[in-house]
Amino acid sequence: MGRIPAAEMGDVAPAVEPGVAGDYGTASIAPSIPVQIRSFQTFTVTYTAGKFGLDDTGGILIAFRFVQDGGPLQTDTPSAPNYVTADCDGDARVQLLVEPQPERPWMIAVRATVRGGFIKPGE
């Protein structure tokens, strides 16, 4: 058997072969410069949906490496250390969940899940 001809794949192409850059979206982090260890910092991760957008219950996972000495991330108290939050340019709501990751080298992750709507391409 050979590859499935592109004309026969239609919109399910990403499910049957690797996607092209931008199909699923892009992410960036700021600042992207070295910072002092054991100091409080604010980082912004920006995800921009690709041509498929993100459907309700879809999402992204931001995983942190095993070796780190940061405090526990939390989503409940904005005035407390290590608070993480998310918002969306469009009408969708984003729910955050901080969860352990059982596979090395990852230790913990923040799962951002779309709830109540969807994220359009470019949002």
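Let me start with one term: a residue counts as exposed when its relative accessible area is over 50%, and as buried when that area is under 20%. Anything in between is partly exposed. Keep those cut-offs in mind. And note that this is a predicted model.

Now, lysine 51. Its relative accessible area is 57%. That is over 50%, so lysine 51 is exposed. What does its side chain meet? Lysine 51 forms a salt bridge with aspartate 23, at 3.8 Å from N to O. This pair links distant parts of the chain. Aspartate 23 sits in the loop between α2 (13-16) and β1 (25-30). Lysine 51 sits in the loop between β2 (44-49) and β3 (59-65). They are 28 residues apart. And is aspartate 23 buried or exposed? It has a relative accessible area of 10%, under the 20% cut-off, so aspartate 23 is buried.

How many salt bridges are there by this rule? Two. In the other, arginine 111 meets glutamate 99, at 2.7 Å from N to O. Here the partners come from strands: arginine 111 from β5 (residues 106-115), glutamate 99 from β4 (residues 93-100). Twelve residues separate them. Arginine 111 is partly exposed, at 33%. Glutamate 99 has 14% relative accessibility, so it counts as buried.

The structure holds one aromatic pair. It is made by tyrosine 24 and phenylalanine 52. Their ring centres are 6.0 Å apart, and their planes stand at 40°, so the pair is tilted. Tyrosine 24 belongs to the loop between α2 and β1, and phenylalanine 52 to the loop between β2 and β3. So the pair ties together parts that are 28 residues apart in sequence.

Last, the inside. In soluble globular proteins, nonpolar side chains tend to be buried together. Which residues make up the largest nonpolar core here? There are six: Tyr47, Ala49, Leu54, Ala92, Val114 and Ile119. Take leucine 54 from that set. Leave aside its neighbours within four places in sequence. Leucine 54 is then in contact with Tyr47, Val114 and Ile119, among others.

Notes: Residues numbered from 1 in each chain as written. Predicted model: local features only at pLDDT ≥ 70, side-chain atom pairs only at ≥ 80, totals over all residues. Heavy atoms only, no water. Core = buried A, V, L, I, M, F, W, Y, C linked by side-chain atoms within 4.5 Å. Buried < 20%, exposed > 50% of the residue type's maximum accessible area, 1.4 Å probe, protein only. Contact = heavy atoms within 4.5 Å. Salt bridge = Lys/Arg side-chain N within 4 Å of Asp/Glu carboxyl O. Helix = DSSP H or I, 4+ residues; strand = E, 2+ residues; numbered from the N terminus. Phe/Tyr/Trp six-rings, centres within 6.5 Å; stacked < 30°, edge-to-face > 60°.
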